[in-house]
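The structure is shown first.

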Amino acid sequence: MAIAVARATIKNVHRRLFSSEANLSPSTLATIAAALKDARTDKSKPLPLDLVPDMQKMTINDAYRAQKLAYPSSDTIAGAKCGATNEKGMSAFGIKEPFRGLIPSGCIISASANPEAVLKITKAQLKGSVLRGGEAEWCFLLRDNCKDDNSKMAWKEICSAESEVTEDTILREIIADVFPAVEICGSRMTGFVEAGVELTTGMKIADGAGNGLVVVADAYNIGDNLDLNGKISKLAELTVTSKVEGSVRTVGSGAEVYSHPLKSLTWLVNHLLKCGESETLSMLAGKYIMTGTCTGLDGFKEGEIFEAVFESYPGSIKIQVVP
């Protein structure tokens with residue numbers, strides 16, 4: 001009965017979805033946040049179907065609030081991600097700007113030290129996440145806001161900014177490095193889908209913005225002895241290729257990411273400030289930021305090898321999900 005009612009009201013839900021206001025009460029959001037966190041960390045605790053009616057009413061702002069309730073402090077997160085960072089992605093979600101998600105602690109791991117080796121990831125490492133596929137991305141590591149005086153000043157200036165932060169100003173002062181990475185996309189809502197539930201954009205964003213696990217390679221070195229600014233400047237032009245079982249799936253570049261990965265990071269910073277979430281922004285000091293896919297989402301199955309090849313980076317990132 002609850003699902004039937006939810007389906008009947010879905011059209012009204014879509015009209016409210018993109019409101020910047022909250023649609024759900026704090027207590028309802030707290031219940032949803034706790035359930036999402038449980039479902040992510042323990043596959044024996046799937047999302048209860050009786051949450052569907054409320055979850056389908058979630059605005060995007062509700063989704064962000066649910067994320068923050070689940071992961072309220074710096075020690076509970078490993079970083080953040082940007083999603084739908086190109087026109088195709090935004091169109092698929094029915095939105096006009098990217099979305100963001102918090103990545104929980106323990107959900108970012110290192111690629112194999114040997115760039116030719118395959119990193120085997122067990123289903124247990126994915127915990128409650130059901131594998132959807134992989135995305136090749138550029139990942140920034142932000143400076144710790146307590147490491148030195150310059151970092152402290154840069155973070156303070158950004159978190160208290162009263163006008164839009166631009167990528168060519170103080171923002172570069174908080175970037176420590178850039179890395180090739182793969183996002184293993186996962187969902188905790190397959191039970192909903194199997195029950196015939198229509199997933200709204202708010203539900204998908206609340207569900208970790210589709211994140212399952214992140215695999216980060218060694219510090220990016222294009223072989224030209226460039227400084228960090230030089231490395232960043234080349235990100236849009238370098239080719240990024242995804243493969244499954246050795247066959248090329250997609251060829252893209254950093255230009256697919258909001259025209260440049262740095263612009264994606266810039267969007268994230270300004271969006272948090274616009275939403276009054278300077279506290280959330282400060283939580284990202286010393287953390288990783290996934291900027292969005294260069295290749296789209298490529299599906300692969302358990303046992304198959306997903307590979308991300310980054311131009312000028314030695315070897316590649318190869319992963320395989322195993323029992």
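## The β5–β6 pair

Strands β5 and β6 run antiparallel and are joined by 12 bridges. Within this pairing, Cys 139 stands opposite Phe 179 in β6. Two strands are taken to pair if DSSP finds at least two bridges between them; strands are DSSP runs of E with at least two residues, helices are runs of H or I with at least four, and both are numbered from the N terminus.

The model is predicted: local features need pLDDT of at least 70, side-chain atom pairs count only at pLDDT 80 or more, and totals for chains, interfaces and linings use all residues. Residues are numbered from 1 along each chain as its sequence is written, and side-chain values use heavy atoms, with hydrogens and water left out.

## The seven-stranded sheet

An open sheet of seven strands has the order β2-β1-β10-β5-β6-β7-β3, with mixed pairing. β2 (99–104) and β3 (108–110) each have a single partner strand and stand at the edges, so one side of each lacks a neighbour in the sheet. From one strand to the next the twist averages 30°, where axes are lines fitted to C-alpha atoms (for helices over the stretch in contact) and angles between N-to-C directions run from 0 to 180 degrees.

## Ser 187

Ser 187 belongs to strand β6. Its relative accessible area is 12%, so Ser 187 is buried (under 20%; exposed is over 50% and partly exposed in between, with a 1.4 Å probe and protein chains only). A polar atom of the Ser 187 side chain lies 2.9 Å from the backbone nitrogen of Met 189.

## β8 and its partners

β8 (residues 239–244) pairs with β9 (residues 247–253) in the antiparallel sense over six bridges, and Lys 243 has Val 248 in β9 as its bridge partner. The two strands form a hairpin with two residues between them, and Glu 245 in the turn has a positive phi of about 55°.

β8 also runs antiparallel to β11 (residues 305–310), to which five bridges join it. Here Val 244 stands opposite Phe 306 in β11.

## The lining of the largest pocket

The largest pocket is lined by 35 residues, and Gly 89, Phe 93, Arg 132, Glu 135 and Leu 297 lie nearest its centre. A pocket is an open set of points on a 1 Å grid over the protein atoms alone, where a 1.4 Å probe fits, with protein on both sides within 12 Å along at least five of seven lines; lining residues have an atom within 4 Å of a point. Elements that each supply at least two lining residues include β5 (130–142), β6 (175–187) and β9.

Conventions: Polar contact = N/O pair within 3.5 Å; in protein donor to acceptor, adjacent residues only side chain to side chain.
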